[in-house]
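Visitor: I would like to learn how to read a structure like this one. Could you guide me through it with care?

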Amino acid sequence: MKTIGVLTSGGDSPGMNAAIRACVRTGIYMGMKVHGIERGFEGLIEGEIKEMDVSSVSDILHRGGTVLRTARSDRFLTEEGFKRALNMLENFAIEGLVIIGDDGSMIGGQRLSEAGITVMIVPGTIDNDLAYTDFSVGFDTAVNTVLSSISNIRDTSSSHERSTVIEVMGRQCGDIALYSGVTGGAETILIPEVPVDINRVARKIIQGRNRGKLHNIIVKAEGVEIRSQELAEIIKERTGVDTKIVVLSYVQRGGSPTARDRLLASRTAFKAVELLKEDSTSKAVGINGNEIVAYDLLDAIRMKRDLDKTFLELADILSI
Ligand code: F6P
């Protein structure tokens, strides 16, 4: 393989720049030309493609977001858009593509793969919702950002003896809520995978208050069936405790990536480019334990994720 491309797609995540840097430098080191494609599949359709050199990725390792920018492309899903994307890859003689992105990016990648382009997926999403990999790039940073907010909120909640519902991202996957909730000492963690038990939420708050607790932290993922405002009103009604809501939203998607995310990005992107160099078939690269792994792309898409219930039990026991 002589020429490869790299793009970022879907919601951005801290560490995507570290992955871009690793792709470009590894590709050049291995004797290939590396093209950066801007604005994900949207930029591919429009031919927003430029050759990258070693210095074009200088000074980006520590930066959140993605220097290639990203998009959620509806046009790529149309026949016309897809055809244009394929033509662009041909125009620039791009034989292999590294896609740094989420589940939607994997599906887009599979379509390209079926059309003859070799695709490597580097998992980039704060949600950590990809079944084939233990962790995705950006998740650790997002959890640490949420954790720091929980600590701040806890201070003021104690002063005012309030309870606070902290809404974090995750439409289908509760990992950000689980990890930040356990490490932030939340009494209750609500995730989309488990139905809400309002009695239990109220009971925990009352039990806490009875033993002298001054604050209550409820971490709730955005995909949970009940809206945060409604939940806060119900808590207030059931417990008499003043309850506020904080929606962390995009705050948790930005920021300088943690060492863990930079490392994961660098290792998975290196592997992706190495596989392209070896003329491998399309793969999804991830991490299992501390080992970098690569699965057939279609197999990776079909994998299902199991909720690790021990996290919820742990949060429950540690917050009695
Ligand atoms: O997939 C990452 C994510 O941040 C989700 O947690 C969130 O639900 C979604 O993206 C928000 O998407 P958008 O950037 O399109 O508003």
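Visitor: How far apart do the C-alpha centres of domain 1 and domain 2 lie?

Guide: This is a predicted model, in which local features need pLDDT of at least 70 and side-chain atom pairs count only at pLDDT 80 or more, while totals for chains, interfaces and linings use all residues. Residues are numbered from 1 along each chain as its sequence is written, and side-chain values use heavy atoms, with hydrogens and water left out. The C-alpha centres of domain 1 and domain 2 lie 34 Å apart, where domain 1 is 3–138 + 257–302 and domain 2 is 141–253, with bounds from an automatic or database domain assignment.

Visitor: How much area do domain 1 and domain 2 bury between them?

Guide: The size of an interface is often given as the accessible area lost when the parts come together. Here domain 1 and domain 2 bury about 1000 Å², counted with a 1.4 Å probe and summed over both parts.

Visitor: Which side chains meet in a salt bridge?

Guide: A salt bridge is a side-chain nitrogen of Lys or Arg within 4 Å of a carboxyl oxygen of Asp or Glu. The side chains of D12 and R253 form one, at 3.0 Å from N to O.

Visitor: Why does the ligand lie between the domains?

Guide: The ligand lies between domain 1 and domain 2 because both give residues to the shell around it. A polar side-chain atom of R253 lies 2.9 Å from an oxygen atom of the ligand, and for D127 the distance from such an atom to a ligand oxygen is 2.6 Å.

Note on methods
Polar contact = N/O pair within 3.5 Å; in protein donor to acceptor, adjacent residues only side chain to side chain. Buried area = accessible area lost by both parts, 1.4 Å probe.
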